[in-house]
Amino acid sequence: MSEPAAGTPFLELRSVSKTYQLTKTHAIKAVDSVSFSIAEGEFVTLIGPSGCGKSTTLRMIAGFLKPTGGDILLEGKSITALGPEQRNIPMVFQNYALFPHLNVFENIAYGLRARKLSDDIIAHDVAMICQMLNLVGTENRFPDALSDGQQQRVALARALVLKPKILLFDEPLSNLDARLRIQTRAEIKRMQTLLKITVLYVTHDQSEALSIPDRLLVMNKGKIVQQGKPREIYDFPSTPFVADFIGNANFYDVCVISVGSANVQIALQDLEFDVSLDHCDHHPTKDEMALLSINPITITIEEPDGVLGKNQCVCMVEQCLFTGHAFSYTLAFRDTSIRVLQPNIQGAVTQFVPGAEVKLTFHAQAFHLFRIQE
Ligand SMILES: Nc1ncnc2c1ncn2[C@@H]1O[C@H](COP(=O)(O)OP(=O)(O)O)[C@@H](O)[C@H]1O
Ligand SMILES: [Mg+2]
């Protein structure tokens, strides 16, 4: 087999679409001309709200579904016409999909037996993977005698033992409790680094999405709407959808008062703020109405001291929820409300109660200005 040319992406989707024909007259475009590529060894996360087309995209890559348009390439060669068994791209599912009538050993060995490998090789490979995933001692148990976390590790072992070229995960942690989610997430990242495999990981959970991957693809309504490093996407969302979905932003209609060489001045009711032009998705013009997003974690909240400077205002606390790592405030903000997230630095943070007056300071990086879409 010839080697792919240098610079060829490991996995590439070119304008891949999938339409589900529901009735003669009604069809759903679940995936709409999606293009992206993944480099060898990269960990890429695909995030988007429920129903946006994530699972459909994964199933087309694994070969369980045929695209209605476009091409899928692995190491530069089209695999679109190949069946799942010819691709070696296993998928780890949310519900584990273990075989209930097979014990742990046989569940893990299943794909190796299908490849007609010798018993010695199978025993060796299964033992290795059980060691790596802390499953030693469970080999003779059946899935219903395992905890959720163990079942998920068996599902992971069953995929990894096949030494796949690329591994797909479809919301693999959704059924686990919060502590196990964090542990299993770290485990997946460790295995990926250790075995140098390429991963495409689907989730709708933003904390999961931001923490592991090298790169993030954000999907909405069947399309990839932004891709980049997690930090770039968090700090520079390209659309209001991304600012909302990834950063839980506050949104306000504002008026552009003046446009300078580096900043644009905007009015939010009686408040005036400067927004860096780097944080605008278009070049604003004077008197234009635009949509301002404010990330709740970039706002400072403190005791009022009678002095109000630029980008500051006084508001009243309506609600304060303590989440352990932060205080999540809702405040009355002119004729609407604003959410502020204050990190809990132990012993160093005052908790304000409903009814308290507080001073908010808005920082330039908090703002993004978007064109209002008709
Ligand atoms: N087999 C199917 N037949 C018809 N519609 C489907 C089928 N599978 C998914 N869909 C629809 O396609 C869209 C995308 O679904 P899916 O890829 O499962 O989204 P996600 O994984 O992001 O939640 C949804 O509107 C869903 O209802
Ligand atoms: Mg899904």
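This is a predicted model: local features need pLDDT of at least 70, side-chain atom pairs count only at pLDDT 80 or more; totals for chains, interfaces and linings use all residues.
Trainee: What does the angle make α2 relative to α3?

Mentor: Helix α2 (residues 104–114) and helix α3 (residues 119–132) have axes 10 Å apart, at an angle of about 130°. Under 35 degrees would be roughly parallel, over 145 roughly antiparallel and 65 to 115 roughly perpendicular, with the rest oblique. The angle therefore makes α2, relative to α3, oblique.

Trainee: How many charged residues are in the contact of α2 with α3?

Mentor: From α2 come Phe105, Ile108, Ala109, Leu112 and Arg113, and among their partners in α3 are Asp119, Asp125 and Ile129 (contact: heavy atoms within 4.5 Å). Nine residues of this contact are nonpolar and none is polar. The charged residues number three.

Trainee: Which residues of α5 meet α4?

Mentor: The axes of α4 (residues 148–160) and α5 (residues 178–195) come within 11 Å and cross at roughly 15°. That makes the two roughly parallel, and their crossing is right-handed. The contact has six nonpolar, three polar and no charged residues. From α4, Gly149, Gln152, Leu156 and Leu160 take part, and they meet Leu180, Thr184, Ile188, Met191 and Leu195.

Trainee: How much space lies in the largest cavity?

Mentor: The whole structure holds one cavity of 30 Å³ or more. A cavity is a set of points on a 1 Å grid where a 1.4 Å probe fits but cannot get out, and lining residues have an atom within 4 Å of a point. The space in the largest cavity is about 80 Å³.

Trainee: Which element gives the largest share of the lining of the largest cavity?

Mentor: Of 13 lining residues, the closest to the centre are Tyr234, Pro237, Ala243, Asn295 and His368. The lining has nine nonpolar, four polar and no charged residues. Two or more residues each come from α7 (230–235), α8 (240–247) and β14 (289–294). The largest share, four residues, comes from α8.

Note on methods
Residues are numbered from 1 along each chain as its sequence is written. Chains are lettered from A and ligands numbered from 1 in the order in which they are written. Side-chain values use heavy atoms; hydrogens and water are left out. Axes are lines fitted to C-alpha atoms, for helices over the stretch in contact, and angles run from 0 to 180 degrees between N-to-C directions. Ala, Val, Leu, Ile, Met, Phe, Trp, Tyr, Cys and Pro count as nonpolar, Asp, Glu, Lys and Arg as charged, and the others, Gly among them, as polar. On a 1 Å grid over the protein atoms alone, a cavity is a set of points where a 1.4 Å probe fits but cannot get out, and a pocket is an open set with protein on both sides within 12 Å along at least five of seven lines; lining residues have an atom within 4 Å of a point. Grid points are joined across faces, edges and corners, and a volume is the space filled by probe spheres set on the points. A crossing is left-handed if the near helix is turned anticlockwise from the far one by less than a right angle, and right-handed if clockwise.
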